[in-house]
There are 2 protein chains.
Amino acid sequence: MDYHFLFEVALILFCTKLLSMMCKKIRMPQVVGALFAGLLIGPAMLGILEANDFLDKISEIGVIALMFAAGLETDIQELKKTGKASFVIAVMGVLIPLAGGYFIASMFNVGPDVFLQNLFIDVILTATSVSITVETLKEMGKLSTKSGNAILGAALIDDILGIIALTVITSVADSSVNISIVLFKIVAFFALSLVVGIFLYKRFNHWFSRYDRDKKRFPIMAFVFCLNYAFIAEHFFGVADITGAFFAGLVLSNTRRVTYVASRMEIVSFMLLSPVFFANIGLKVVLPPMSKELIIFSTLLIIVAVLSKILGCAAGAKASGFSTHDSICIGTGMISRGEVALIVAAKGVALGLMNSEFYAPIIITVVVTTVITPILLKIVYKGTVDETVNNNLADFYQAPEDLENLAQKLSENDR
Amino acid sequence: MDYHFLFEVALILFCTKLLSMMCKKIRMPQVVGALFAGLLIGPAMLGILEANDFLDKISEIGVIALMFAAGLETDIQELKKTGKASFVIAVMGVLIPLAGGYFIASMFNVGPDVFLQNLFIDVILTATSVSITVETLKEMGKLSTKSGNAILGAALIDDILGIIALTVITSVADSSVNISIVLFKIVAFFALSLVVGIFLYKRFNHWFSRYDRDKKRFPIMAFVFCLNYAFIAEHFFGVADITGAFFAGLVLSNTRRVTYVASRMEIVSFMLLSPVFFANIGLKVVLPPMSKELIIFSTLLIIVAVLSKILGCAAGAKASGFSTHDSICIGTGMISRGEVALIVAAKGVALGLMNSEFYAPIIITVVVTTVITPILLKIVYKGTVDETVNNNLADFYQAPEDLENLAQKLSENDR
């Protein structure tokens, strides 16, 4: 065995923590530091590390753990309330960027038969990357607010719409893909989730109630359920694994041991999984040289990507009865396009669905939107009156650590 | 990406926890359950899972975390006291099995030029696998006892002796290996460890003291140091990575934040790393069909492997002034031969250093010694008068969990 991966993990943990701490000092979201760490040590800058299979897999477990934790913290009642609004926000947040993106793409990519190509570039840029926003909202303690719930719901629906849109385009180019089967699978997944969710919620709650104290087996079995459901979503239904993980979290969110399970998941995340996930996004960025025309295209693409998403989502939110300020927060939370866009773009080039020269602009757009989302989120949420739904849960997460400090001090006095 | 690894991790976590719980119920060490889980789902029995690169890497981080935790829990003063005894135990625990193993091997493997072959089989079986013993002692709260310390020290020295012995044999067969360079590197590693250890102990302690409460950055940076030192040990000095990880733990064992760091490491271990490590040992077991003669050989090999290790180590312990009961405990703790033997054996067959028909008996011996060690350890330690050195540390690890329970109950009443 080559032991280099030990050094890789150590380097990632070190750089992400160091840059996160620096970001915290200048009052920027810590997740920005973690993203920069990946850019810094990756091929985009210093070139010490490259993305590899091992880091990809740890990252995948990392984003699953992240979405599972988001599910655990979500108030189902509140999510139901914002459900309709989330749907409107997601649809508007797909339609407006679709229109804007197609317009920009067709300005630069002209010729016969470019309709599909332009649509493909366009669709890649519609899907919101929920993970960055979730981490930022968590960091700011805003995940459980009404607007936080709306973003979470909308981003998840956005994921589904993204799959459908991509499938439609791919099915036009590739006759082996059947759009109706894809749609059927998505519907089947949600039907299954409802049945499995109700059944397992009861089983878990019953099991948790049989013991009068927290047991290690609780978070382990919860994690097993989360990983399995993420696998099932992706493997059997073609739905994103993070959607499966979020549902698994939702199922357990009302059970008795949710605080203990969430605290254990959080520790595994910050000690290993999350840093690798965020750094890995930066590690995947490789920038080819670009012509002047492509630089202009990139700049316009970024502007359109950011503005159309804010406008679309904010309009959806406003139409659903949110205040103007909340609507802007929601629109901002949906800006980030994530690593999925990178993967799809690479696949598109390989399949001939996309001209390879458009690869760099897409990468730049993904990187810029990913990095500015947490920064903008922090700005727009600043000075928000606390309209918390169940923030006491988030506050409580700090408590065990304080108690441990106390216990440690007591024990130190004993010695 | 193929998402099958999500299912693999989930299956391992589920089976190891389930079988560990069963073992606990019938008062067997839980680690036996985790080992059996790997055998059960691996090629040896059900064949659902196979060892692969991803699981191997997670396992490696798992055993590094395990040895790091053992280092954190070790009392350096006590280790120094038992240092001389550990050395005697390790040397005796290598010499007696060497003599016994060679005798058995030369009874069955006859012919010209078999001297080196027999010596190779022999050497494979001398190296103690410290991880199983550490986990069992931790589970029983005996890691910080005088005998626990002696076992820990002896097993680590045993590892070094094993490397030297293997290098000597390989250098006879392969002229590119230079034994004096290997020895020089080992000495250089320990000299470096002393310097680095003293320097970093002061740096870490100074850093830890600058804050009045526990910070997430403490366990993360401690983990970074551990991973890096494990990598340096293996990559630059040819010393086992787990030895490096143990030293890293030792360096931090006297710092102010050791309780917090250890508790965070423990959670990452039980939530993900440890189960994969123990199950992976079982996953690596593939049993070829065997002749009647080889079955007899295997049986004798197991008996000699177990008895010679107990006798050798117990004699060393007794000579160093341990009580008879403690000596037996120490000898028992040294029985297990681990996954290293499996890897070296496979490499030996590939290099032509070992006849492939001896592969199966070695696997069986490794499996049997690995599984019986925790069981025997539990038996011999039963009814031990508590001669604890710093068991209060181990006891304390339970405290935060109790406090969290308390906090949870309080918060539930609030709602």
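Predicted model: local features only at pLDDT ≥ 70, side-chain atom pairs only at ≥ 80, totals over all residues.
**Chain A overall**

Let's start with the fold of chain A. The chain has 17 helices and zero strands. Of its 415 residues, 57% count as buried. Among contacts in chain A with a separation of 6 or more, 80% come from residues 24 or more positions apart.

Two packed helices are described by the angle between their axes and the distance between the axes.

| Helix pair | Axes come within | Crossing angle |
|---|---|---|
| H1 (residues 4–25) and H2 (residues 30–41), chain A | 7 Å | roughly 135° |
| H2(A) and H15 (residues 359–381), chain A | 9 Å | roughly 160° |
| H4 (residues 76–108) and H5 (residues 115–124), chain B | 8 Å | roughly 135° |

Take H1(A) and H2(A). At roughly 135°, H1(A) is oblique to H2(A), and the crossing is right-handed. On the H1(A) side, the contact uses Leu11(A), Cys15(A), Thr16(A), Leu19(A), Ser20(A), Met22(A), Cys23(A) and Lys24(A). H2(A) answers with Gln30(A), Val32(A), Gly33(A), Ala34(A), Phe36(A), Ala37(A), Leu40(A) and Ile41(A). Sorted by class, that contact holds 11 nonpolar, four polar and one charged residues.

H2(A) also packs on H15(A), with the axes crossing at roughly 160°. Angles over 145 degrees count as roughly antiparallel, so H2(A) is roughly antiparallel to H15(A). The crossing here is left-handed. From H2(A) come Val31(A), Val32(A) and Leu35(A), which meet Thr370(A), Val371(A), Pro374(A) and Ile375(A) of H15(A). This contact splits into six nonpolar, one polar and no charged residues. Val32(A) turns up in the contact with H1(A) and again in the one with H15(A).

Over in chain B, H4(B) and H5(B) are oblique to each other, with a right-handed crossing. Leu98(B), Gly101(B), Tyr102(B), Ala105(B) and Ser106(B) of H4(B) meet Asn118(B), Leu119(B), Ile121(B) and Asp122(B) of H5(B). The tally for this contact is five nonpolar, three polar and one charged. H5(B) is mostly covered, with eight of its 10 residues buried. The buried set includes Asn118(B), Leu119(B), Ile121(B) and Asp122(B), which are the H5(B) residues that meet H4(B).

**A core with members from both chains**

The largest nonpolar core has 288 residues, and those touching the most other members are Ile64(A), Cys226(A), Val268(A), Ile64(B), Cys226(B) and Val268(B). What does Val268(B) touch, leaving aside residues up to four places away in sequence? Its partners are Ile267(A), Val268(A), Met271(A) and Leu272(A) from chain A, plus Ala65(B) and Leu273(B) from chain B.

**Two loop residues**

Val114(B) sits in the loop between H4 and H5 of chain B. It has 16 C-beta neighbours inside 10 Å, so Val114(B) counts as partly exposed. Along the chain, Val114(B) and Leu353(B) are 239 residues apart, yet their C-alpha atoms are separated by 9.6 Å.

Ser291(A) lies in the loop between H11 (258–283) and H12 (292–319) of chain A. Buried or exposed, with 10 other C-beta atoms within 10 Å of Ser291(A)? Residues with 12 or fewer count as exposed, so Ser291(A) is exposed. Ser291(A) is 269 residues from Met22(A) in sequence, and the two are 34 Å apart in space, C-alpha to C-alpha. Met22(A) is one of the H1(A) residues in the contact with H2(A).

Note on methods
Residues numbered from 1 in each chain as written. Chains lettered and ligands numbered in written order. Axes fitted to C-alpha atoms, helices over the stretch in contact; angles between N-to-C directions. Helix = DSSP H or I, 4+ residues; strand = E, 2+ residues; numbered from the N terminus. Parallel < 35°, antiparallel > 145°, perpendicular 65-115°, else oblique. Left-handed = near helix turned anticlockwise from the far one by under 90°. Contact = placed C-beta atoms within 7 Å. Nonpolar A, V, L, I, M, F, W, Y, C, P; charged D, E, K, R; others polar. Buried ≥ 20, exposed ≤ 12 C-beta atoms within 10 Å, placed from the backbone. Core = buried A, V, L, I, M, F, W, Y, C linked by C-beta atoms within 7 Å.
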